[in-house]
Amino acid sequence: RPVCIACQQKPFEKKKIIPRKTLKTKKNKEKRNGRPRKTKSRPPRGKTEALKVFVKTLPCLNHRIAFRDVTNSVDRRTIIASVIPQNVFLTNKAPFLLFSKSQEREKAYVLAILNSKILDWYARRFVDKNLNFFIFNSLPIPGFNIKDKKIKRLIELTTKLSSQNKSMIGWANLFGEKIKKLSEDEVFNFQSEIDAISFIIYGI
C-alpha cells in the first residue's frame, strides 16, 4: 500500500540520561580555583638541552659593544661607543656588535679604537647626524694581534676606563681588574695614551 512521504515519521530515538551526580563531578573537575583545567604543555623531547644552551648565548645576557646611532659631525665626539653590562636591553638607537664568547680581548681592543681620535676624525668625513651600519662597516679598524705590546696596552687602558661602575664587575673580572673610580686627570691621561697608541697602530 503506498504511503505519503509527508506522513512518514522517524522512529523514536532514545536519549541518554546522565545522572545528576556525574554532571556535578565533571563541573567540579573543570572549575578548580575558579578556572578551567588546562593541560600542561611540554617541550619536545631531546630539545630542552639545546634550548638551554641557546638561551645562554643571547646577546642581552653578555657584555656588548654598542655605539650611539644619533650623533653629529660637529659634536666633540662623533663616535660614542661603550661597554653594555649584562642583562641590559637596548633599543634600535643603540646598535651593538656581536662577538663570540671567547673574544673578550677583541671587544676591549675594538672599544679602544672606536673611542680614539684618529677613527673619530675619519668618521666625521661621512657622518652627518646618524651613524648606521652602512657607514660603520666602512670604518677601517686595524687587525688584532694579541702578541703586539701596543694592543695589550690598549686593552689594559680600556678595561681600566670602563671598570669604574659596580655594574661592570663581570667585565672587570674578565681582565683581572678591580672596580675603581678614576680621577679626571687619570681619565685624561689614559685617553691621551690610547689616542697616541692608536696613531702608531694606524702608521701615522
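Predicted model: local features only at pLDDT ≥ 70, side-chain atom pairs only at ≥ 80, totals over all residues.
Trainee: What is the overall make-up of the protein?

Mentor: The protein has eight helices and five strands. From the N terminus, the order is α-β-β-α-β-β-β-α-α-α-α-α-α. Of its 204 residues, 28% are buried. The accessible surface comes to about 15900 Å², with 56% belonging to carbon and sulfur atoms.

Trainee: Which share of the contacts with a separation of 6 or more joins residues 24 or more positions apart?

Mentor: Such pairs account for 66% of those contacts.

Trainee: Why are α6 and α8 called roughly antiparallel?

Mentor: Take the angle. Helix α6 (residues 149-161) and helix α8 (residues 184-201) pack at about 150 degrees. The cut-off for roughly antiparallel is over 145. The angle passes it, so α6 and α8 are roughly antiparallel. Their axes are 10 Å apart.

Trainee: Which residues make that contact?

Mentor: On the α6 side, they are Lys-150, Ile-151, Arg-153, Leu-154, Leu-157, Thr-158, Lys-160 and Leu-161. On the α8 side, they include Val-187, Phe-190, Ile-194, Ile-197 and Ile-201. By class, the contact has ten nonpolar, three polar and four charged residues.

Trainee: What is the hand of the crossing of α6 and α8?

Mentor: The crossing is left-handed.

Trainee: Why are α3 and α6 called roughly perpendicular?

Mentor: Their axes cross at roughly 85 degrees. The range for roughly perpendicular is 65 to 115. The angle falls in that range, so α3 and α6 are roughly perpendicular to each other. The axes come within 8 Å.

Trainee: What meets what between α3 and α6?

Mentor: From α3 come Arg-105, Ala-108, Tyr-109, Leu-111, Ala-112 and Ile-113. From α6 come Ile-151, Leu-154, Ile-155, Thr-158 and Thr-159. These residues divide into eight nonpolar, two polar and one charged.

Trainee: What makes helix α3 mostly covered?

Mentor: Count the buried residues. Helix α3 spans residues 104-114, and nine of its eleven residues are buried. Among them are Glu-104, Lys-107, Tyr-109, Val-110 and Leu-114.

Trainee: How do you know that Ile-151 is buried?

Mentor: Buried means under 20% relative accessible area. Ile-151 has 3%, so it is buried. Ile-151 is found in helix α6.

Trainee: What is Ile-151 in contact with, leaving aside neighbours within four places in sequence?

Mentor: The partners are Tyr-109, Gly-143, Phe-144, Asn-145 and Ile-201.

Trainee: How far apart are Ile-151 and Arg-105 in sequence and in space?

Mentor: They are 46 residues apart in sequence. In space, C-alpha to C-alpha, Ile-151 and Arg-105 are 9.6 Å apart.

Trainee: Thr-78 lies in a loop, between β3 (64-67) and β4. Is Thr-78 buried or exposed, and what makes it so?

Mentor: Its relative accessibility is 0%. The limit for buried is under 20%. Thr-78 therefore counts as buried.

Trainee: Which residues is Thr-78 in contact with, leaving aside neighbours within four places in sequence?

Mentor: They are Thr-71, Asn-72, Ser-73, Asp-120, Arg-124 and Val-127.

Trainee: Where does Asn-87 lie?

Mentor: Asn-87 is in the loop between β4 (81-84) and β5 (96-97).

Trainee: Why does Asn-87 count as exposed?

Mentor: Exposed means over 50% relative accessible area. Asn-87 has 55% relative accessibility, so it counts as exposed.

Trainee: What is phi of Asn-87?

Mentor: Phi of Asn-87 is near 60 degrees, a positive value in a residue other than glycine. Most residues other than glycine have a negative phi.

Technical notes
Residues numbered from 1 in each chain as written. Heavy atoms only, no water. Axes fitted to C-alpha atoms, helices over the stretch in contact; angles between N-to-C directions. Helix = DSSP H or I, 4+ residues; strand = E, 2+ residues; numbered from the N terminus. Parallel < 35°, antiparallel > 145°, perpendicular 65-115°, else oblique. Left-handed = near helix turned anticlockwise from the far one by under 90°. Contact = heavy atoms within 4.5 Å. Nonpolar A, V, L, I, M, F, W, Y, C, P; charged D, E, K, R; others polar. Buried < 20%, exposed > 50% of the residue type's maximum accessible area, 1.4 Å probe, protein only. Areas by Shrake-Rupley, 256 points an atom, 1.4 Å probe, with all protein chains shown as cover.
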